[in-house]
Amino acid sequence: MIAHTGTTTVQRDDVALPTPYSQAAHPSSVLFDSIDIHGVPLQFAVRKFKHIRMLHDHLQREIHGYAILKDAIRMAQQQQQQRPPLVLDVGANHGLYSLFAAKLGADVIAVEPQQNLCKLINRAAQENNVADRITVYHNAALDEHDETISMKHAKKMDGQLGTVVREGERTNTTLRVEQLHAFRIQDFVAASSDGSNGKPQHDIAFLKIDVEGFELQAAKGAAQLFTAKRIQNTLVEFGPPSRWQIDAGVGPELGLHLLQDMYEQYDTQPRLIESFVWPDFLASISDDDARSRAEQQKMVPLTSHQDWKALIQAMDHSGKEAYLWFALDDNKKHSPNEFQTFQSNCGTDHNVKRIMIGEGRKVTRFGCAAARG
């Protein structure tokens, strides 16, 4: 192995692979907030107090995703007791999914193109005593191997508005731009599984993709893993098509193709979970019983071209994104009935509570009481 100082790649057998990012923010430069997600206590790091509220909003919006992740880890622990479950957090942001998974006992690969956020993840990992479980990569995830890309808005709102700019795309030169390497999702798994960090290669219990309009390209970069049926559950922030067009220059037909490939080629069951486009999609369901069942379960399977087209149209007309859960359907391993936290979680605001935990400290709890245990 030949390491290249100052770069984000190493050379192994003439193949460039990403290397972990180890820098952490200095404790004096960050603020910590104590939270509880579905019964799992942790602390996350921010640089400004106003970002705490921003992340609380994220948790309320994506509380179902954390429920699915908790259940996916529990199921993987039951199936492979000799080694920890593996979780991929692509577009990790402040690392809440990563920290949550690590606190539950999973090994985590966190991919984040914003350097400041990578430092915050590493700092929070130290604070939660899970630094040995989280491997952070300061890279983007796309569909090409070792591509040089840029990030615009890399500093704005602590990276919340950062957007990938591929080579040759036009951008406002007055924006602050950072250059970095992009890899395929499968490259990060290869880099973390061949002995470079001592962790064995095994199936992925949960993959999260949240990459601000480039999710279609990021998913394509995991094709080998999907083909080999190595990913048990995938959660994707999906669309809307206007974002695909503006950020990545692709149309809604590519989203339709991804849904078809995930169902027909990769043997996963696409499921729309309650998210922004939820009411618009439910309005397209003509069967009253099916619509009522979806409202109760907070999930609806998408198993036909008609379903996929209806989702794309609902996102296109409303301008809202969807949260899609792709569950590996190989031998019916992932019945929704097995996801107990997801079933018992309602995710509504009245289940967000700020409580005292002693010595003047407070913690914010997210998720239903029934989901804590």
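A pocket is an open set of points on a 1 Å grid over the protein atoms alone, with protein on both sides within 12 Å along at least five of seven lines. Its lining residues have an atom within 4 Å of a point. Points are joined across faces, edges and corners, and the volume is the space filled by probe spheres (1.4 Å) set on them.

The model is predicted: local features need pLDDT of at least 70, side-chain atom pairs count only at pLDDT 80 or more, and totals for chains, interfaces and linings use all residues. Residues are numbered from 1 along each chain as its sequence is written, and side-chain values use heavy atoms, without hydrogens and water.

The second largest pocket holds about 340 Å³ of space. It is lined by 15 residues, of which Ile285, Ala290, Val300, Pro301 and Asp307 are the closest to its centre. Helix H11, strand E16 (299-301) and helix H12 each give two or more residues to this lining. Helices (H or I, at least four residues) and strands (E, at least two) are DSSP runs, numbered from the N terminus. The largest share, four residues, comes from H11.

H11 spans residues 288-297, and Asp287 caps its N-terminal end. A side-chain oxygen of Asp287 lies 2.9 Å from the backbone nitrogen of Asp289. Lys298 follows H11 and has a positive phi, near 60 degrees.

H12 (residues 305-318) also meets helix H9 (residues 252-265). Contact means heavy atoms within 4.5 Å. Residues of H9 in this contact include Leu256, Leu259 and Tyr263; those of H12 include Trp308, Leu311 and Ile312.

Methods:
Polar contact = N/O pair within 3.5 Å; in protein donor to acceptor, adjacent residues only side chain to side chain. Axes fitted to C-alpha atoms, helices over the stretch in contact; angles between N-to-C directions.
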